[in-house]
Every structure is written in C-alpha cells, then in structure tokens.
Amino acid sequence: MKLDIVLGSELMPLYEKVVRGERLSAADGMLLYQTPNLSGVGYLANLVRERWHDNRAFYVRNQHINYTNICNKFCKFCSFYAKKGGPKPYTLSLEEVRQRLRAYRHVPITEVHMVGGVNPRIPYDYYLDLIRTAREERPGVHVKAFTAVEWEEISRISKKPLNEVLQDMKAAGLGSVPGGGIEVLSDRAHAELFPKKINGARWIEIARDIAQAGLKQYATLLYGMGETLEERVDHFVQLRELQDETGHFLAMTPLAFHPEGTELPDRPHTSGEEDLRNIAVSRLMLDNFPHIKSFWIMNTTAITQVALWYGADDVDGTIHEYEIIYQDDAPGVKQQVITRKQLIRLIQEAGRDPVERDSLYQIVPPREEPETEKPLRQPLLLPMSKV
Ligand code: SF4
C-alpha cells in the first residue's frame, strides 16, 4: 500500500499524528472504525507495525489445555461451557492433564497455556497442581494460565488475597497470565452480556495485582457480540492508560465473536473487513502495546496473512487442543494443529519474515528437527475469550 491511499483523505490528520508518533484520541479511534477507507486504516497500522517490528512476524509453539468446561458464569456469548444440548461437562484429572502433555512430548513446545471455566467445586490445590504437572512433564516450559475471572475464583476458594495467591502460583511455576476474563471494558455490555462475570473495574484491579506480582499479561477484545464502536474504542483507551501505568501487557488479540452454540445465535458472523479493521485499530490505538496478534484459528489462515499487513505481527501458535462446541460424544477432544513448516510458509507467503518466539517474546534460536506434528486439516472454532 502506498501513501496515496490516505493523501487528501479524512485520514490525513491521523497520518500526520502517526508519523510524528503522537497518540491518537478516542475521536480518532471512531474515525478509524467509521471511515470506508479500510485500506487507508491498514496503511496507517502497517506504519506502526513496521516501526515496532520491521518485517518480522512471530509465532510460538504451544499446547493448550482447557481443564474444565463447567462454569457458573453463563456468559451469553460463550459456546464453551457445559449446557443442555451443548458440550457435556468435564473436569480433567491431573492424570488426564499429564497424558495430554505426554501426547505432545515429541514436539519442542515452549509454552503450555491452561484456561477453563469457573467451576466452584475445584479446590485450590488443583490449580497449583495443574501448573506443577505442566512443569514436571515439560521441564523448562513456560506456563501461561488462568484468565482474570478464574483468578477471582481461585482467590475466593483459597480464602487468600489475590497477591498471595499469585505468589503461590509463581512458586509453583506460573510464568504469565493470558488475556480474557473481560470481553470489553463496558458496564453496559457487562450488564447485558456477561453479568455474572467480574466487571471491568474488578478486571483492572486484578490486572494491577498481576503486574505488581511481576507477571506479564495479555489482553483481548471480543468484537461482534453486540458491543458498540464507542465501547471498543473506550476499551482500547482504558487498556492503554493501564499499560502506561503498569507496562506489563505484551499483546492484544482482537477476537471475532462466533454465534454457534451461544445464547446469541442470531448475531451475524463478523466479516473479513471487520476482522482486518479490528486488528488495524488495535495497532493504532494501543501505541504502547508491543504486539498485536491475529489468531490464525479464529481469523482463518487467509485473513491472518493479510492481517500481517494490517497491523498484526503475531499469528500465535502451532498446537492447540480444545474441547470445542457441540461434541456429541463427551468429552470429545478435537485437535487443531498447524505444523511449524505450515506456519512458516503462511508467514513467508505473506511476505514477512517468520520468527519463533517464546511466551515473553524472546526469540527462540532456529533448530533443525524432523517435522513430526500432524498437518492442518481445517480451521475450527474456538471457545470465546480463551486466548
Ligand atoms: Fe464461563 Fe468463561 Fe464461558 Fe464466561 S466465557 S461462561 S466465564 S467459560
């Protein structure tokens, strides 16, 4: 894309701000969402993306474990939790977790990513043991675990303040905290779409505790579930202010809402245009977030290739294992895998330079190894808010 795409257009003042490295306002954010000039928005986002990362595009080799799908929060946008006519309930035993980790022992992953529903019957020690099990089975691996809503529950069940709980978990081997736990920082959306979950104010308090514990965290935005454009922009502004204060966020992942299996089945799927725009607006508004992720399973590999020119610098990982929507035979496991070679090719075909990273975005030195992962078949849907 060339400068012509914004010259003389309504985006020109934003171009000048971007070139000067000036922060964009909430009004600028609204213009980015409302202008028909998506290519212009992408051009601006790409300027910022290349300033941060040049031509590099990052990926990670990881394994996901969703330890339970029992949840007492009943978020309307969620297809993941066990419900009548939907996924059957399960909670993995520690031995089952161990088996899943062993199943990928031959793959040199650097990260185990563990999240689940809010199951009030799970005792405190189970959470500690989940982390210890991952560290025992995969020595040296980075454990990224539990979204903010899970941290609230873990603290409740432990009868300890969250800062003490975080120290216990760090001692067990916790490395960082994933995004999720809030879909958009809006009291209106909270009341309408996920009222039983923690609200935005509590999410921010938890994020501060995570930062004070010396842990890095990720952030997400779930879009397309009924939030307004103003709420999305305000979400970015609140996250940006929090990051000014804590500096502990590593990446933003905009996640598209998928209506299947949720209480919002009539909401339309997001379009490719929306997926690219949310990536680009994230990049432009979150000027203090180092990384913007286009999660290939959620966005498809095709959109992700384009997204690497619309602000994204990360495509996430190689291995995913999920309990996904509408399993007829409980608790069926669907595997979603893209091999490292496929991921590298995806990035190279898009004209970017692939770089393997670990969970903290440290570069993993290249290594020769046989291609032993199973190939990608087709993208499947993921549970919302679980990145
Ligand atoms: Fe539970 Fe999380 Fe789904 Fe909400 S999004 S219902 S907290 S699993």
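## Starting at Arg 20

Arg 20 is exposed, with 54% relative accessible area; here exposed means over 50%, buried under 20%, and partly exposed in between, using a 1.4 Å probe and protein chains only. Its salt-bridge partner is Glu 22, with the closest N and O atoms 2.7 Å apart. Glu 22 is partly exposed, at 36% relative accessible area. A salt bridge here is a side-chain nitrogen of Lys or Arg within 4 Å of a carboxyl oxygen of Asp or Glu.

A word on ground rules: this is a predicted model, so local features need pLDDT of at least 70 and side-chain atom pairs count only at pLDDT 80 or more, while totals for chains, interfaces and linings use all residues. Residues are numbered from 1 along each chain as its sequence is written, and side-chain values use heavy atoms, with hydrogens and water left out.

## The chain as a whole

The chain has 13 helices and 12 strands. These are DSSP runs numbered from the N terminus, with helices being H or I of at least four residues and strands being E of at least two. Of the 387 residues in the chain, 61% are buried.

Take contacts (heavy atoms within 4.5 Å) between residues at least 6 apart in sequence: 78% of them join residues at least 24 apart. The chain exposes about 14800 Å², and carbon and sulfur atoms supply 52% of that. The areas come from the Shrake-Rupley method with a 1.4 Å probe, and for residues only the protein chains shown count as cover.

Lys 160 counts as partly exposed at 28% relative accessibility, and Asp 168 is partly exposed at 24%. Elsewhere, salt bridges that share partners join Arg 98, Arg 102, Arg 105, Glu 136 and Glu 137 into one network.

## Two positive phi values

Most residues other than glycine have a negative phi. Asp 54 is not a glycine, yet its phi is positive, at about 55 degrees. You'll find Asp 54 in the loop between helix H3 (38-53) and strand E1 (56-60), and Asp 54 is exposed, with a relative accessible area of 55%.

Tyr 361 also has a positive phi, near 65 degrees. Tyr 361 lies in the segment after strand E12 (353-356). At 11% relative accessibility, Tyr 361 counts as buried.

## Around the ligand

There are 11 residues around the ligand, and Cys 71, Cys 75, Cys 78, Tyr 81 and Lys 197 come nearest. To count as near, a residue needs one of its heavy atoms within 4 Å of the molecule or strand in question.

Sorted by class, the shell holds seven nonpolar, one polar and three charged residues. Nonpolar covers Ala, Val, Leu, Ile, Met, Phe, Trp, Tyr, Cys and Pro; charged covers Asp, Glu, Lys and Arg; the others, Gly among them, are polar.
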